[in-house]
Amino acid sequence: MSAGEPGGVVSAGEPGRVVSGGAVGRAFPRLEGPEKVTGAARYAVEYPVDGVTYGWAVPSAVVRGRITRVDTTEALASPGVLAVLHHGNAPRLAPGPERELWLLQEPVVHYRGQYVAVVVATSLEAAREGARLVRIDYDAGPHSTVLADDHPGLYKPDHVNPSYPTDTAEGDFDAGYAAAPVRVDATYRTPAYHNNPMEPHATTAQWRDGRLLVHDSTQGASPVRATLAELFEVPPESIRVVAEHVGGGFGSKGYAKASVVLTALAARHVDRPVKLALTRQQLFGPIGYRTPTIQRVRLAADTDGRLTAICHDAISQTSTIREFAEQTAVYTRSMYAAPHRRTTHRLVRLDVPTPFWMRAPGECPGAYALESAMDELAGAVGIDPVELRVRNDTAVDPDQARPFTSRNLVACLREGARRFGWTDRDPTPRARRDGRWLLGTGVAGSSYPARARPSTATATARPDGSFLVRINATDIGTGARTAIWQVAADALGVPPEQVEIHIGDSALPTAPLAGGSMGTASWSWAVIRACQALREKQRDNPGGEVTAEADTTDEVGGQPALPRYAYGAQFAEVRVDADTGEVRVNRQLGVFAAGRVVNPTTARSQLIGGMTMGLSMALHEEGLLDERYGDWVNHDLATYHIAGCADVESIEAYWLDERDDELNPAGVKGIGEIGIVGAAAAIANAVHHATGVRIRELPIRLDKLIGSSELA
Ligand code: MOS
């Protein structure tokens with residue numbers, strides 16, 4: 001896929017201090033690679049289970065209303081069908097805080113596609129046929145499913161995710177904006193985006209003597225166990241959740257989802273093990289999606305391009321059963337400084353499935369808007385867009401009013417510009433042409449918070465000289481297992497081959513989910529502390545088997561609240577067919593500053609994976625909701641377009657050798673999400689440079705370009 005050289009370390013100021021012989025920083029292949037490529041690695045519904053049965057979820061056929069009748073006669077008469085669960089007969093769940101997961105408990109439909117029944121049968125085919133034969137009557141009410149900036153239901157939530165203030169204000173934006181010589185006022189729109197991990201949400205559930213064993217496709221077995229314990233009113237110790245291999249998540253498997261609840265309900269009801277996997281089409285909806293956004297950005301600057309006023313007003317949606325307030329404008333609070341600043345978030349409760357996390361929820365759409373507006377400002381003020389960002393860099397977080405622990409945005413921009421060949425760029429739009437193709441280049445900044453959560457871990461020294469590290473981390477395909485294995489080896493001071501690592505099981509020491517780009521930071525923290533404690537203990541007992549444990553709750557909780565962020569610079573070159581408006585991306589290049597990179601191979605995969613999703617967002621992806629139908633009309637991979645390999649012609653990711661002692665013992669910032677942040681803006685900015693046409697509503701499709709008078 002890459003026409004460029006592989007990702008590598010470049011020095012940011014201080015010469016690299018790579019520990020030679022250390023495992024951290026070395027490009028180990030994934031530990032489970034051979035298992036995966038030979039098919040031996042087991043995913044959630046691939047475990048052999050005696051007497052297993054199969055579940056098939058039945059979605060509601062109306063958007064909003066009540067179920068008036070469920071007729072299971074035909075379904076139950078169908079060969080192989082064992083049971084049909086619905087609100088009238090399903091085992092009871094405790095009404096927990098997650099109304100979304102309170103499934104099959106009431107005859108109420110909150111959105112189209114809500115699971116209203118599950119058919120259990122002796123084969124997958126029989127379950128599917130049974131599901132077709134379940135007859136459900138509804139009393140349907142009116143609904144509202146499409147986000148609009150004049151929707152009468154717009155309101156101000158109490159806070160935005162995870163716990164940020166809804167609005168912020170510094171100085172006097174209106175006065176600062178009115179007084180400025182250069183102004184940009186632009187509204188950007190992004191559609192709904194759907195997570196499509198290779199492995200769908202899938203579960204095998206088995207009850208035995210009041211105990212529940214679950215194999216689930218999740219980003220965190222510990223949180224899933226906690227949710228199931230609450231819903232089924234079972235002590236957490238009676239539940240075991242295994243997630244040894246997970247085929248992607250992107251946020252959609254961040255917490256317990258409908259599939260695991262339905263499967264556990266079904267298994268309890270039929271008193272047999274049940275496997276249930278959502279279909280590809282079912283992934284468009286109840287599992288969550290990235291909310292559509294409407295974002296107005298206003299920027300004001302002096303004639304040197306120094307920002308004087310910044311305002312970002314974001315509108316997004318939530319459902320009627322749960323408030324999900326995406327932190328869309330939070331990116332803007334810390335990215336660039338100005339004396340007058342304001343950010344706001346407004347929501348609408350629609351009759352839709354609740355939006356959820358999708359790779360860099362908030363930062364991704366927010367950066368698309370802000371980094372596009374910065375490009376518009378660069379044009380308005382007549383300053384190179386790299387230079388404009390350099391000029392507005394700030395060592396102090398404008399939001400927290402404290403210095404960033406490290407901020408190498410400028411170094412990323414400079415290194416990116418050098419590698420990309422930006423310096424002799426003619427800023428004039430439509431200045432380069434190669435036959436029918438108009439050529440253009442674009443840049444965007446990128447940033448993502450570097451957080452960590454408390455975790456526990458154990459480390460054991462065995463008499464044969466080997467070590468065992470246990471932690472309920474989750475590897476959703478990122479290489480996390482390998483990264484923390486490398487960290488453990490260095491913490492123990494032994495070659496990694498001497499270390500065995502066990503993850504992906506709630507029976508292991510409790511750990512946070514793989515999310516928020518904080519997995520490696522959180523897990524490695526506990527692993528390092530456990531390994532250090534083990535070395536201490538071994539002094540007293542050098543020969544025998546010794547185990548030490550660590551819990552970083554106090555240490556993580558006691559960390560000073562400093563602005564910790566990873567940064568990046570995204571560059572793109574596009575060509576646009578002047579006659580048809582077809583857009584192709586010639587190359588993408590990103591340079592990131594994300595603390596210490598534990599494993600260059602898996603890090604590069606994360607970064608180019610995020611950048612590819614950004615390309616997909618810029619040009620392809622769009623959930624199209626039909627208000628009459630109340631659901632997405634394109635709900636499969638034939639009609640919901642995603643970038644394929646042929647769309648990625650050249651992609652390169654680099655990182656700076658960044659050392660930051662204010663982070664965590666491993667010195668990592670997290671790299672799962674920053675690759676997507678700013679990527680779509682860089683492409684949109686390049687399309688504008690190529691054509692002179694500014695499309696402010698993603699995706700940038702050829703019909704929007706050729707519909708514009710400027711392209712003609
Ligand atoms: Mo990620 S969207 O924090 O799983």
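Q: Which helix gives the most to the lining of the second largest cavity in this predicted model?
A: The model is a predicted one, and in it helix 7 (330-335), strand 22 (437-449) and strand 27 (565-577) each supply at least two residues of the lining of the second largest cavity. With four residues, the element that gives the most to this lining is helix 7.

Q: How many residues of the lining of the second largest cavity are charged?
A: The lining includes Tyr164, Val330, Tyr331, Ser334, Met335, Glu363 and Pro449. Eight of the lining residues are nonpolar and two are polar. Glu counts as charged, and among the residues named here is Glu363. The number of charged residues in this lining is one.

Q: What is the angle between the planes of the aromatic pair formed by Tyr565 and Tyr567?
A: Both Tyr565 and Tyr567 belong to the lining of the second largest cavity, and each of them is buried. Their ring centres lie 6.3 Å apart, which is inside the 6.5 Å limit for a pair. The pair is classed as tilted, and the angle between its planes is 45°.

Q: Which residues that line the largest cavity are the closest to its centre?
A: The largest cavity is lined by 16 residues, and by class these are nine nonpolar, four polar and three charged. Those closest to the centre of the cavity are Trp102, Leu103, Leu104, Val108 and Gln114.

Q: Which residue just after helix 10 takes a positive phi?
A: Helix 10 covers residues 409-420, and its 12 residues reach 16 Å from the first C-alpha to the last, close to the 16 Å expected at 1.5 Å a residue. Within helix 10, the buried residues include Leu409, Cys412, Leu413 and Phe420. Just after this helix, a positive phi of about 85° is taken by Gly421.

Key:
Residues are numbered from 1 along each chain as its sequence is written. This is a predicted model: local features need pLDDT of at least 70, side-chain atom pairs count only at pLDDT 80 or more; totals for chains, interfaces and linings use all residues. Side-chain values use heavy atoms; hydrogens and water are left out. On a 1 Å grid over the protein atoms alone, a cavity is a set of points where a 1.4 Å probe fits but cannot get out, and a pocket is an open set with protein on both sides within 12 Å along at least five of seven lines; lining residues have an atom within 4 Å of a point. The expected span of a helix is 1.5 Å times one less than its number of residues. Buried means under 20% relative accessible area, exposed over 50%, partly exposed in between (1.4 Å probe, protein chains only). Rings of Phe, Tyr and Trp (its six-membered ring) pair if their centres lie within 6.5 Å; planes under 30 degrees apart count as stacked, over 60 as edge-to-face and the rest as tilted.
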